[in-house]
Amino acid sequence: MIRWRRGEVVEIRREWPGAVELVAGTADGPVRALAYPALVGRPEPGDEVLLNTTALAMGLGTGGYAMVVALPNRLPEDPSGPGHLVKARYTPLQATVLGADEQDSPHHEVLREADSLDGMPVVVADLHSALPAILAGLPRTARAVYVMLDGGALPAWFSMSCAQLKEAGWLAATVTVGQSFGGDLETVTTHTGLLAARHVLNADVAIVTQGPGNLGSGTRWGFSGVSAGEAVNAAAVLGGRPVAALRVSEGDARERHQGVSHHSLTSYGRVALARARVAVPELGGEFGARVAAQAAALGERHDLVPVPVDGLREALEAAPVRLSTMGRGLDGDEAYFLASAAAGRLAAGLLPRPQA
């Protein structure tokens, strides 16, 4: 189940908040590795490292790093301070964090009775790569908070995009829910994550996706993105206004993901029991007609909202992060990013208008 290797840190390649990328020499040769200092301490050249090389050996596109499990000769100090939420529970790297909704949190009183999102728009998408594109469709004045589900990467630190989006001012904060961790706030559930976004972080709009590293099996139900339908239900039951972003592709070679992906049709058409606004991008041409026809299957359960995409290409080009989905950039799968940005544009129309 795990491929273990010993190595020695040769160089530090780069780092961003929460993560350090390095090169480690091993018996198999040099490998690119990733360490989370909050879990294992900060690696330095010459340190011995214990590595999990499973993802690297499998050639996983998103997770193609060896992961640093420990610096055995230089262990970090014991954690201090409050925090009783255990995430990545009962794994060797289970971590204790301070949950915004737990009793020791300064936000506990706010969240104890919080029960409504007060009509806040909640944009839900299948893939983490939709996050910057959705933000591109929102006005820069909107305070956007990312609620990260635990269907993909568990550490939010894995996402370089999150760090760059925050630095650029496009994203206000991240809330990690369920088993995911490393956000600006931690919560037990998607529900308290959304409530924390609204009542603690003062979000105007929340964006809900899994972390990087979607898991799929090529079956109707065996994919981590079913959580998108569950997020629609959570947003609706809390009095938010869910907006569903369609996963659309013109560049994916797999038939099940061409046009509107079966992930969206299953998540929104079968899993989501609450009504949402579905952003249907007006892509034009034969492909646009195909997308509209496929999305029509969701019309009995949801409100289909055609969204113009004029100007969204320019907004996407201005994104402060590299746009990439399944290895394809903006030119390689423009429809995917336009569909996500269209959901942001739809949510923008639900934001309260500034008082004159």
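## Basis of the description

The model is predicted: local features need pLDDT of at least 70, side-chain atom pairs count only at pLDDT 80 or more, and totals for chains, interfaces and linings use all residues. Residues are numbered from 1 along each chain as its sequence is written, and side-chain values use heavy atoms, with hydrogens and water left out.

Helices (H or I, at least four residues) and strands (E, at least two) are DSSP runs, numbered from the N terminus, and two strands pair if DSSP finds at least two bridges between them. Strands of a sheet pair through backbone hydrogen bonds, either parallel or antiparallel.

Strand β8 (residues 121-124) pairs in the parallel sense with β13 (residues 241-245) over four bridges, and Val-124 has Ala-244 of β13 as its bridge partner. β8 also pairs with β12, again in the parallel sense, over three bridges; here Val-122 stands opposite Ala-206 in β12. Strand β9 (residues 144-149) is joined to β12 by six bridges in the parallel sense, with Tyr-146 opposite Ile-207.

Buried means under 20% relative accessible area, exposed over 50%, and partly exposed in between (1.4 Å probe, protein chains only). In a regular strand the side chains alternate between the two faces of the sheet. In β12, Val-205, Ile-207 and Thr-209 point one way, while Ala-206, Val-208 and Gln-210 point the other way, and all are buried.

Contact means heavy atoms within 4.5 Å.

## The second largest pocket

Of the 27 residues that line it, Ala-38, Leu-39, Pro-79, Ala-95 and Thr-96 are the closest to its centre. On a 1 Å grid over the protein atoms alone, a pocket is an open set of points with protein on both sides within 12 Å along at least five of seven lines, whereas a cavity is a set of points where a 1.4 Å probe fits but cannot get out; lining residues have an atom within 4 Å of a point. Grid points are joined across faces, edges and corners, and a volume is the space filled by probe spheres set on the points.

At least two lining residues come from each of α1 (37-40), β5 (66-70) and β7 (95-97). The largest share, four residues, is supplied by α1. The lining of this pocket comprises 19 nonpolar, five polar and three charged residues. In this classification, Ala, Val, Leu, Ile, Met, Phe, Trp, Tyr, Cys and Pro count as nonpolar, Asp, Glu, Lys and Arg as charged, and the others, Gly among them, as polar.

The largest cavity has a volume of about 40 Å³, and its lining includes Arg-247, His-257, Met-326 and Tyr-336. By class, that lining holds four nonpolar, three polar and four charged residues. The second largest cavity contains about 30 Å³ of space. Among the residues lining this second cavity are Asp-126, Arg-247, Tyr-336 and Ser-340, and its lining divides into six nonpolar, one polar and two charged residues.

His-263 lies in helix α8 (residues 262-271) and is buried, with a relative accessible area of 5%. Not counting residues up to four places away in sequence, His-263 touches Asp-126, Asn-214, Phe-223, Arg-247 and His-257.

## Residues with positive phi

Most residues other than glycine have a negative phi. Tyr-90, in the loop between β6 (85-87) and β7, has a positive phi of about 60 degrees and is exposed, with a relative accessible area of 77%. Met-326, in the loop between α10 (312-317) and α11, has a positive phi near 55 degrees. Met-326 is partly exposed, with a relative accessible area of 43%.
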